[in-house]
Amino acid sequence: MASNHVIKSLLLVLFSAFNLSSAQDQLLRYHKGALLQGTISVNLIWYGHFKPSQTAIISDFISSLSDPASTPSNPSVATWWKGVEKYYHLANSKNPSSLSLRLGKQILDEKCSLGKSLSQKQIVQLASKGDQKNAINVVLTASDVTVAGFCVNRCGTHGSKSSVVEGKNQKFAYIWVGNSETQCPGYCAWPFHQPIYGPQNPPLGSPNNDVGMDGVVTVLSGLLAGTATNPFGDGFYQGPATAPLEAASACPGVYGKGAYPGYAGDLLLDTTTGGSYNAHGASGRKYLLPAIYDPSTSKCSTLV
């Protein structure tokens, strides 16, 4: 006969497994807020000096998101974005809305009008230079610009700002990402740089031969997924609204099948450049994009 201790232990294991399963099934709860819909312009606000080759990496990525025709090869950036669109069917299965992202304006502030050390308030101020409705305004800071919290506890962020347009209250979404190449590539550009902590596996080759900007893409893509599914703080997320777990951040460090801490997963390799990637983009580009939490399977979904 099993002892009471063994029986209690078995019950504890079963209870824990049940709770884990339940938590996974409900990992990202919908808080009934509005999602972005229709055609949304992604406006790029370049703060500081970026080379033309660097701006092209990002603009080509944005152009790849909602235009399958721009990328004939699979797996593609557009295919990855369809994983984000699943949340729209979950929010309203009877009449799901749709979201199409297009590259909008590109605003240059190469002389750093607000200085080279920015607060969060100044990031929002810069984001306000883009469109005030039907927009995601993306602020990208150069490698020599410091931002509050950058390299300490974040590589980027997203949020929203209220504004009045033609007498009506509107909200626009914004994202900020910093180029970590000289400040903290081991924190914000992994797996293209040796990590600052954890398992020390060799870094991967960056697909566009720019560690900082390829790192920006991995961060930006995850924040775009979070912006689409939780643009105003009351969409799909888990945990506190001030530090939510979202569509991509629910799958940290996962880029391909077989991923584990310190290993990004089984990725594709460009034998010409030595770069690792999992998605094809416009203009023959290759990118590394994070896994998206799939609400239909309760698992992290990868392209490869």
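How many Å² does the accessible surface of the protein chain come to, and what share belongs to carbon and sulfur atoms? It comes to about 14600 Å², with 55% belonging to carbon and sulfur atoms; such areas come from the Shrake-Rupley method with a 1.4 Å probe, and for residues only the protein chains shown count as cover.

A word on the model first. This is a predicted model, in which local features need pLDDT of at least 70 and side-chain atom pairs count only at pLDDT 80 or more, while totals for chains, interfaces and linings use all residues. Residues are numbered from 1 along each chain as its sequence is written, and side-chain values use heavy atoms, with hydrogens and water left out.

Here are some values for the whole chain.

| Property of the protein chain | Value |
|---|---|
| Box of the C-alpha atoms along the principal axes | roughly 80 × 50 × 40 Å |
| Residues that count as buried | 47% of 304 residues |
| Contacts joining residues at least 24 apart, among those at least 6 apart in sequence | 70% |

Buried means under 20% relative accessible area (1.4 Å probe, protein chains only), and contact means heavy atoms within 4.5 Å.

Now let's look at Asp-210, which lies in the loop between H5 and H6; helices are DSSP runs of H or I with at least four residues, numbered from the N terminus. Asp-210 counts as buried because its relative accessibility is 9%. Leaving aside neighbours within four places in sequence, Asp-210 is in contact with Gln-54, Ile-57 and Glu-181. Gln-54 sits 156 residues from Asp-210 in sequence, yet their C-alpha atoms are 7.8 Å apart in space.

Technical notes. Helices (H or I, at least four residues) and strands (E, at least two) are DSSP runs, numbered from the N terminus. Buried means under 20% relative accessible area, exposed over 50%, partly exposed in between (1.4 Å probe, protein chains only).
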